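Student: I would like to learn how to read the features of a structural model. Could you take me through one?

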Amino acid sequence: MANHSIVFDKVTKRFPKADKPSVNEVSLQIEEGSFVTILGASGCGKTTLLKMVNRIYEPTSGRIFVEGEDVATVPVTQLRRKIGYVIQQVGLFPHMTIEENIATVPRILGWDNKQIDERIDELLELVHLPPKDFRKRYPRQLSGGQQQRVGLARAMAGNPAIMLMDEPFGAIDAITRASLQDELIQIQRRLHKTILFVTHDIEEALKLGDKIVIMNNGEIQQYDTPFHIITQPANAFVSRLVHSEDVLKRLSVMKAESVMTEIEGTVHPNEIRVSKEENCKTILMHILKSEHDSVIVEDGNQTPVGRVTLAHLKIHEALSQSLSAS
Ligand SMILES: Nc1ncnc2c1ncn2[C@@H]1O[C@H](COP(=O)(O)OP(=O)(O)OP(=O)(O)O)[C@@H](O)[C@H]1O
Ligand SMILES: [Mg+2]
């Protein structure tokens with residue numbers, strides 16, 4: 001069994017005087033090294049859920065475990081040292097320069113000055129803010145998107161195993177946002193961080209998440225891979241949210257031939273074979289039921305001519321097209 005980095009066990013948060021809980025009986029297991037996105041409408045409890053992990057809020061009932069320890073029993077400072085946190089409103093310290101902001105955690109951790117200095121450069125480069133230009137500036141001298149990138153750099157400074165990110169790219173334009181998303185994926189693959197990432201952008205959730213948590217009214221509607229969320233939405237809410245019908249419709253008019261690529265490596269005897277004419281919706285269903293994440297495409301003489309993998313089905317693209325069409 002995979003190790004779980006964060007476990008929510010029937011977690012409920014009810015704020016004083018609130019007539020209903022903001023988070024209701026949430027149980028969730030986040031695997032170590034996985035990238036999990038939390039998707040849901042404004043007010044559905046995403047931030048509240050995140051803030052209970054590093055004990056900014058305490059649950060009304062239920063328990064949360066981080067790396068096997070009940071967080072209620074771990075001193076807050078110790079807990080927060082292993083959790084990087086990017087808050088929704090960026091929250092840079094206004095009276096500190098960018099370099100001082102980023103150095104906050106490394107200083108607490110007692111790194112020496114040279115180490116901290118190198119780390120600041122490394123992180124600023126990572127988020128595409130040339131250190132020479134940005135180190136000495138104050139947050140108010142940066143654009144909203146630049147501030148968010150500093151927020152990301154600061155959260156990663158102490159090299160935490162876990163990152164909580166609350167709509168970190170909300171204030172960033174679409175182009176920069178796409179490149180930051182790509183970088184975050186690279187960073188995560190390389191450093192194997194466990195990331196809990198809140199967004200209300202469906203495409204972002206699908207693109208970044210190994211798995212997605214879909215929330216509504218403080219409750220989890222589905223916790224699954226992007227692929228399953230689209231192809232097997234758990235209920236009408238999820239289906240509407242991700243426009244799964246539109247995606248499937250789009251896939252049903254795409255032919256195997258148009259998305260296949262050359263066969264690399266060997267063809268497994270038990271890999272499913274389809275004709276060049278087969279539609280991608282059917283292929284998707286085949287893949288879902290099989291142990292392979294691809295099918296072999298053959299010509300009229302039953303000669304293998306290509307392969308269609310999950311990635312080729314380009315669910316993200318099909319989805320974004322159906323989103324822009326709707
Ligand atoms: N400190 C608080 N005191 C009382 N109610 C709160 C508090 N924080 C959040 N809430 C309420 O809890 C519910 C969930 O809020 P939360 O901030 O978790 O939503 P969210 O999903 O992050 O929304 P958004 O996408 O707008 O950031 C809301 O109804 C909100 O008004
Ligand atoms: Mg929020």
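Tutor: The dialogue below goes from the overall dimensions to a sheet and then to a helix.

Tutor: This is a predicted model, in which local features need pLDDT of at least 70 and side-chain atom pairs count only at pLDDT 80 or more, while totals for chains, interfaces and linings use all residues. Residues are numbered from 1 along each chain as its sequence is written, with chains lettered from A and ligands numbered from 1 in the order in which they are written.

Student: How many helices and strands does the protein have?

Tutor: Helices (H or I, at least four residues) and strands (E, at least two) are DSSP runs, numbered from the N terminus. The protein has 14 helices and 13 strands. The radius of gyration, taken over C-alpha atoms, is compared with the globule rule of 2.2 Å times the number of residues to the power 0.38. Here it is 22 Å, close to the 20 Å given by the rule for 326 residues, so the protein is as compact as a globular protein of that length. The C-alpha trace spans about 70 × 50 × 40 Å along its principal axes.

Student: Which domains does the assignment give?

Tutor: Domain bounds come from an automatic or database domain assignment. Here it gives domain 1 (4-244) and domain 2 (245-325), with C-alpha centres 34 Å apart.

Student: In what order do the 4 strands of the open sheet come?

Tutor: Strands of a sheet pair through backbone hydrogen bonds, either parallel or antiparallel. Two strands pair if DSSP finds at least two bridges between them. Here the order is β2-β1-β4-β5, with antiparallel pairing. β2 (23-31) and β5 (69-70) stand at the edges with a single partner strand each, so one side of each has no neighbour in the sheet. Between β1 (residues 4-13) and β4 (residues 61-66) there are 5 bridges, and Val-7 stands opposite Phe-65 in β4.

Student: How is burial read, and how many residues of α6 are buried?

Tutor: A residue is buried if 20 or more other C-beta atoms lie within 10 Å of its own, exposed if 12 or fewer, and partly exposed in between, with C-beta atoms placed from the backbone. In α6, 11 of the 13 residues are buried, including Val-150, Leu-152 and Met-156. Across the protein, buried residues make up 38% of the 326 residues.

Student: What do the buried residues of α6 pack against?

Tutor: Two residues are in contact if their C-beta atoms, placed from the backbone, lie within 7 Å. The partners are β6 (83-86), α3 (98-108), α4 (113-126) and β7 (162-166).
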